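User: I would like to go through the terms used for this structure and see what each one rests on.

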Amino acid sequence: MSFTIQNVLIPVDRAYETVDVQIEGDRIAAIAPHLEPVGTLIDGRNKLLLPGFVNAHTHSSEMWQRGMIPPVPLELWIAELYDFTPLELEQVYLSAIGTAVETLLSGGTSVVDHLVLIPGQELATIATAVRAYRQVGIRAFVAPLIQDEALAASLPNGGIEREHGDYVRSTAATLALIEEAVNQFHRPDEGVNILVAPTGIQLCSDALFAGCIELSDRYNLCRHAHLSETRAQKLLAQEKYGRSAVEHLKQIGFLSDRTSLAHCVWLDDADIEIMAATKSTVVHNPLSNLRLGSGIAPILRYRQAGVNVSFGCDGSASNDSQDLLEAIKIGSILHNTTDFDYQNWITPRQAIEMASLGGAMGLNLNDQLGSLTVGKKADLVLYDLMNLSLLPRTDPIGLLVLGRPVNVVDHAWVNGQSVVANNTVCNVDVNQLKQELFNQSQWNAKRQAPTVAQLEAHYRSVMGLSESTLGYS
Ligand SMILES: [Zn+2]
């Protein structure tokens, strides 16, 4: 299929230009004023065309728990999350569709889903998410979330001997599962990719990391993990390895130019040098870091050190939405408070580039995606500059990043295929999706999370907090 977007605004240098953009098949074929029209014609007047963003870290099934977990730090939040994790494939399907739709409608054309697996139905969980993303047509990077240690192991011991218990699945069985997922679902040409994605050093053995590295090398897979999200995790790395998590991951060979790491809040200067030297990507999830009190990731220092940075929403239980434009806004201006020298602050254009090209780089696809370049894949988003939230006419990218854009995505394409047209998602009946999300949930302000009650006293003790617990259980 070919089409031409006519008279559309695109950013050039420090200005904008009105051009025609031709797409042939899945690629951008030409960008210039007054091109000979080819294929279907799209009216680009009063619209801005940008490369699609990457929602570079999320967990789709958290959608079922958004808006309800109390304000507590990650280590307690995750205990509650796990106690109520969805166990039905239909829920996995609906939340993957919902995550894809919200990502598309906030400028994303790719999603990295660090997918929580239903115990005993692991492959079926992956198959279900893949089916949902294929249906929507978003470019999918499904990263099955794996670990081989029980949840209690994620807390530092603080000098107290503790029994963590065994995890439900062996390391070997987990690696075999990922290899099977690769064989069944990894189809980069069709827009579906499988990543190796150990959840992080807090719940994974070196053997699991080694197996992931081996699979990544053998099948040319990207690598993804959480890294140094909280102060507790920083303490844990010192307890576990006698060095930082970054130094450890470098030693065991996990860091590379196809490795993206979510959060990276608690890194020091030596760690940042390692991230730059290994060409690893930081995925910044500012709303999750604020919501869970994890801290402010040193994003300006990463940028100064030459570390690639992209944006993620993180799962909907720690955000609690999938609005990528909101993550880009907060993830840009938040750092103005961390450095008095405004010359280091992130400009709206830099933020857009981090979200698109930075996201593509973190997936080792920057030669294919992430910019308006002839020959690259047509993963594109057309914004409606007549939308009230983008008026009056000033700087379109400034309005998009610094404002509060509402329903501004007019069209979106992935691989040259329409996924949003006239502000409507093409391949999903959103009214039906809303009804199904409604039907399968209930208003619910209070519930009992037994694992939080088990962990809270130890967490408070090891983090130097007073003994009184919240009574939150
Ligand atoms: Zn996460």
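Analyst: This is a predicted model. We can start with the strands: S2 (residues 15–24) and S3 (residues 27–32) run antiparallel.

User: What makes S2 and S3 a pair?

Analyst: Pairing requires at least two bridges found by DSSP. S2 and S3 are joined by five bridges, so they count as paired. Within the pair, Val 21 stands opposite Ile 31 of S3.

User: What lies between S2 and S3 in the hairpin?

Analyst: Two residues separate the strands, and Gly 25 in the turn has a positive phi of about 65°.

User: Why are Ala 100, Leu 104 and Val 142 said to belong to a nonpolar core?

Analyst: A core is a set of buried residues of types including Ala, Val and Leu, joined through C-beta atoms within 7 Å. These three are members of the largest nonpolar core, which has 137 residues, and they touch the most other members. Helix H2 (residues 89–104) gives the most to this core, with eight residues. Domain 1 (2–50 + 377–425) and domain 2 (51–362) each supply at least three residues to this core.

User: Which residues does Val 142 touch?

Analyst: Leaving out residues up to four places away in sequence, Val 142 touches Asp 113, Leu 115, Ile 126, Ala 129, Val 130, Phe 185 and Ile 194.

User: Where is the kink in H15 centred?

Analyst: The kink, of about 35°, is centred on Glu 456. Just after H15, Gly 464 takes a positive phi of about 75°.

Definitions and conventions
Residues numbered from 1 in each chain as written. Predicted model: local features only at pLDDT ≥ 70, side-chain atom pairs only at ≥ 80, totals over all residues. Bend = angle between axes of the 7 residues up to and from the residue. Helix = DSSP H or I, 4+ residues; strand = E, 2+ residues; numbered from the N terminus. Buried ≥ 20, exposed ≤ 12 C-beta atoms within 10 Å, placed from the backbone. Domains from an automatic or database assignment. Contact = placed C-beta atoms within 7 Å.
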